Amino acid sequence: MKNQKSISILVLIITILSIIATSFAIFSSQGPGEYEYQSIFGETVSIYGKGLYKHDSVSMAAQAIAQDYVTLFLGVPLLVFSLYLSRKGWLKGYLLLTGTLGYFLYTYVSYSFLSMYNSMFLVYVILMSASFFAFTLAMMSFEIAKLPLFFKEKLPVKLIGGFLLFASFVFGMMWLAKIVQPFINHSPTEGIEHYTTLVIQALDLGFVVPVGIVAGILLIRRMPFGYLLASVIIIKDITLLTALSAMIFLQIQAGVEVSSIVMAFVLLLNTIVIYLMFLILKNVKEVSGTAISYEM
């Protein structure tokens with residue numbers, strides 16, 4: 001695999017540092033506990049008050065801890081396992097590795113820019129940087145033009161591409177609805193709490209939604225880059241939606257009100273993307289020759 005040595009070193013760094021960051025977040029509990037805080041937007045915010053996320057809101061801390069559990073017990077094992085498969089020369093391994101690196105990149109970009117400043121800040125920055133370079137090198141390792149040869153003709157490109165278009169549209173409209181109405185009314189967006197801006201919405205509207213749309217269109221048209229882009233975003237979405245599902249349950253446990261419709265929708269999407277990943281991997285042909293460059 002092209003850049004395999006560099007990717008392996010970066011994956012090792014990501015693995016070690018993410019274990020440190022997530023373990024510390026999950027098991028730290030020092031602090032006085034929950035208290036109320038008046039934000040600059042005039043919103044009364046319940047602050048978590050303990051552990052690594054003691055300066056974050058109860059809602060955000062519950063989401064972050066849930067994501068830490070998923071990163072530690074799903075993301076890290078999947079990262080190590082996919083690296084192992086990729087080093088054996090399996091295309092499934094390369095796809096899993098690239099998609100999982102996409103999850104780590106998204107996660108630690110959001111932690112670096114959204115979480116209130118804490119003792120893990122430099123670790124988040126290193127994880128963000130390592131994930132970015134590992135993901136970029138992994139994407140550059142594919143022989144894009146050859147990719148369609150390594151997928152079976154019966155791969156349901158319209159089903160997968162159609163889902164990506166649908167999910168991108170739904171998330172795009174959901175975030176725009178959250179932003180546009182308050183903008184028109186000249187009022188702060190509900191739920192911004194004591195944070196400075198909408199980091200997750202910026203990432204999704206700026207990157208995830210456009211990539212999902214492009215991936216869906218290219219895959220439906222059976223364009224080479226569509227096979228890679230769709231595979232990567234589906235694999236990334238599995239870890240992300242699993243984290244989102246865990247976030248919802250921990251928010252409910254923390255006493256944060258969560259819409260039952262939102263909860264059901266997230267769980268449904270999570271189930272669908274797992275099924276779509278199964279379809280993609282099932283239709284990969286591990287044959288002689290490769291869609292990966294083997295230059296170091």
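A crossing of two helices is called left-handed if the near helix is turned anticlockwise from the far one by less than a right angle, and right-handed if clockwise. In the present model, which is predicted, local features require a pLDDT of at least 70 and side-chain atom pairs count only at pLDDT 80 or more, whereas totals for chains, interfaces and linings use all residues. Residues are numbered from 1 along each chain as its sequence is written, and side-chain values use heavy atoms, with hydrogens and water left out.

Helix α3 (residues 91-114) passes helix α4 (residues 121-140) in such a left-handed crossing; helices (H or I, at least four residues) and strands (E, at least two) are DSSP runs numbered from the N terminus. The packing angle of α3 and α4 is about 150°, and their axes are 8 Å apart (axes being lines fitted to C-alpha atoms, for helices over the stretch in contact, with angles running from 0 to 180 degrees between N-to-C directions). The two helices α3 and α4 are therefore roughly antiparallel (over 145 degrees; under 35 counts as roughly parallel, 65 to 115 as roughly perpendicular and the rest as oblique). Contact (heavy atoms within 4.5 Å) involves, among others, Leu101, Phe104 and Tyr108 of α3 and Tyr124, Met128 and Phe132 of α4. By class, this contact of α3 with α4 comprises 17 nonpolar, four polar and no charged residues (Ala, Val, Leu, Ile, Met, Phe, Trp, Tyr, Cys and Pro count as nonpolar, Asp, Glu, Lys and Arg as charged, and the others, Gly among them, as polar).

Helices α1 (residues 4-27) and α2 (residues 58-87) pack at about 165°, with an axis separation of 9 Å. This angle makes α1 roughly antiparallel to α2, and their crossing is left-handed. Among the residues in contact are Val11, Ile14 and Thr22 of α1 and Asp68, Leu72 and Arg87 of α2. The contact of α1 with α2 divides into 11 nonpolar, eight polar and two charged residues.

Strands β1 (residues 35-38) and β2 (residues 44-47) pair in the antiparallel sense over four bridges (pairing requires at least two DSSP bridges). Tyr35 has Ile47 in β2 as its bridge partner. The strands β1 and β2 form a hairpin with five residues between them, and Gly42 in the turn adopts a positive phi of about 80°.

The structure contains 11 aromatic pairs (rings of Phe, Tyr and Trp, the last by its six-membered ring, with centres within 6.5 Å; planes under 30 degrees apart count as stacked, over 60 as edge-to-face and the rest as tilted). The ring centres of Tyr94 and Phe142 lie 6.5 Å apart with planes at 80°, so this pair is edge-to-face. Because Tyr94 lies in helix α3 and Phe142 in the loop between α4 and α5 (157-184), the pair ties together parts that are 48 residues apart in sequence.
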